[in-house]
Amino acid sequence: MPDLVSVNYRKYDGSLHWNLRMRRLGEDGHGVWLGLPAGAVMRKGYGPPVPIECAHVILFPHEVWWTAVFNAAPRETEVYCDIATPPQWVSDHEVTMVDLDLDVLRKRTDGSTLLVDQDEFAEHQVRYGYPADVIAEAEAAGRWLMDAVDGRAEPFGNAFEPWLGMVDGERP
């Protein structure tokens with residue numbers, strides 16, 4: 001039986017956000033890698049299952065304020081980074097973090113790198129009362145990710161490819 005991990009992104013008030021179960025692929029100097037084949041599902045909060053069209057892997061780095069999703073083709077977004085509190089491993093089978101709204105993504109079609117959801121970040125600073133240090137960490141992570149993702153610094157170059165190869169083409 002595969003080594004499954006519950007992945008639970010939460011909002012700052014503790015409410016469940018995106019969540020899914022993924023297969024542990026391994027760990028390297030970048031962090032822990034989990035993967036899912038096309039056809040798997042995820043949920044937003046306690047909502048209905050949302051099908052995942054393309055295989056993907058998620059990197060959970062150690063002690064940084066982001067996670068990174070690497071999608072298989074033909075998904076338009078090749079890299080999708082959630083700016084979040086550092087991932088906390090509740091157990092070997094559960095990881096959780098607080099999604100801080102900002103996202104950095106790289107488009108497969110033209111290679112452009114974008115910082116998105118600044119409006120949601122500004123709104124949630126007020127709604128959830130983000131402390132100044134959380135705001136500063138999120139903004140710093142966004143700046144760092146824009147440079148790293150755009151410049152294809154590892155793990156945003158080719159480091160994810162072997163991990164993605166482990167799940168691409170599988171069926172749940």
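**Strand S6**

I looked up strand S6 (56–60) in this predicted model and found both of its faces covered. His-56, Ile-58 and Phe-60 sit on one side, Val-57 and Leu-59 on the other, and all are buried. Buried means under 20% relative accessible area, exposed over 50%, and partly exposed in between, with a 1.4 Å probe and protein chains only. Five of the five residues of S6 are buried, so the strand is largely enclosed by the rest of the structure. Strands (E, at least two residues) and helices (H or I, at least four) are DSSP runs, numbered from the N terminus.

Ground rules I noted: residues are numbered from 1 along each chain as its sequence is written, and side-chain values use heavy atoms, with hydrogens and water left out. In this predicted model, local features need pLDDT of at least 70 and side-chain atom pairs count only at pLDDT 80 or more, while totals for chains, interfaces and linings use all residues.

**Partners of S6**

Next I checked pairing, which requires that DSSP finds at least two bridges between two strands. Strand S3 (residues 31–36) runs antiparallel to S6, joined by five bridges. Trp-33 has Leu-59 as its bridge partner in S6. S7 is also antiparallel to S6, with four bridges. Here Leu-59 stands opposite Ala-68. S6 and S7 form a hairpin with five residues between the strands, and Glu-63 takes a positive phi near 60 degrees.

**A second hairpin**

I then went to strand S10 (residues 94–107) and strand S11 (residues 113–116), which pair in the antiparallel sense over four bridges. Val-104 has Leu-115 as its bridge partner in S11. Five residues lie between S10 and S11 in this hairpin, and Gly-111 in the turn has a positive phi of about 75 degrees.

**Largest pocket**

The largest pocket holds about 600 Å³ of space. Of its 24 lining residues, the closest to its centre are Trp-18, Met-42, Arg-75, Tyr-80 and Asp-82. A pocket is an open set of points on a 1 Å grid over the protein atoms alone, where a 1.4 Å probe fits and protein lies on both sides within 12 Å along at least five of seven lines; lining residues have an atom within 4 Å of a point. Grid points are joined across faces, edges and corners, and the volume is the space filled by probe spheres set on the points.

I asked which strands supply the lining; those giving at least two residues each include S2 (16–28), S6, S8 (77–84) and S10. The lining divides into ten nonpolar, four polar and ten charged residues. Nonpolar covers Ala, Val, Leu, Ile, Met, Phe, Trp, Tyr, Cys and Pro; charged covers Asp, Glu, Lys and Arg; the others, Gly among them, are polar.

**Cysteines**

I searched the whole structure for disulfides and found zero. The cut-off is a pair of cysteine sulfur atoms within 2.5 Å. Cys-54 is buried at 8% relative accessible area, and Cys-81 is buried at 0%.

**Gly-129**

Gly-129 lies in the loop between helix H1 (118–127) and helix H2 (132–150). I read 41% relative accessibility there, so Gly-129 counts as partly exposed.
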